[in-house]
Amino acid sequence: PNSNTNVDVGRPKVGGYAFRAPIGTTLPTDATTALNAAFVNLGYVSNAGLRVTYDRTTTDHRGWNGEIVETTQDEYGETYTVEFIASLRGDLLKALFGDANVEISAPTTLAEGSVHIKHNALEPENAAWSFDMKSRKSSKRITMGVARVTAIGEVAFVANDLIRYSATIKAYPDANGDTSNEYKTLPKLPAA
């Protein structure tokens, strides 16, 4: 019989849910193991959550009579969109604009520190990414061994809303050919 046991939500894990690390960082292989210490927490994500687009294009091939006899795959890719709202977090700004474009000064007795973001054509670096989620039923994690921010949407600086960086993250194949890995714990099924 059907049961809502296997219906779930993409609620973020309390304490951090968007992380980035240098390429080559050991990735987790399940939904619950602690991330490698190289992963840096990127702060709050808006309630729009994480969105994934699986880009797969195919071509239908037809026989002489017009019937489809085979479908071949032409392209595959994955694009993630996420709206970051921790706009004063230096590590997030490095992820969005590139490590070389963000200079963070240490706190002094006169100020808490400062950040300088250079806006130019230098592309952000490829990095490893992890998005962690946890609901009352399941822990979930999506990891990308090789990914990069490829676009940032319009940013509004207004008095009555948060500064939001809507980022597009493109996942690329790793050494195994995987663009990402998704892990979930499964709930205990109800007694039959």
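Me: Which residues count as buried, and which elements count as helices and strands?
Reply: Exposed means over 50% relative accessible area and partly exposed lies in between, with a 1.4 Å probe and protein chains only. Helices (H or I, at least four residues) and strands (E, at least two) are DSSP runs numbered from the N terminus. Buried residues are those under 20% relative accessible area.

Me: What kind of model is this?
Reply: Residues are numbered from 1 along each chain as its sequence is written, and side-chain values use heavy atoms, leaving out hydrogens and water. Local features need pLDDT of at least 70, side-chain atom pairs count only at pLDDT 80 or more, and totals for chains, interfaces and linings use all residues, since the model is predicted.

Me: Is helix α1 largely enclosed or open?
Reply: Helix α1 covers residues 90-97. Its buried residues are Gly90, Leu92, Leu93, Ala95, Leu96 and Phe97. Because 6 of its 8 residues are buried, α1 is largely enclosed by the rest of the structure.

Me: Which residue follows α1?
Reply: The residue after α1 has a positive phi, near 105 degrees. That residue is Gly98.

Me: What pattern does the chain follow along the sequence?
Reply: The chain holds 1 helix and 10 strands. Read along the sequence, the pattern is β-β-β-β-α-β-β-β-β-β-β.

Me: What percentage of the chain's residues count as buried?
Reply: The chain has 192 residues, and its C-alpha atoms fill a box of roughly 75 × 50 × 40 Å along the principal axes. The share that counts as buried is 33%.
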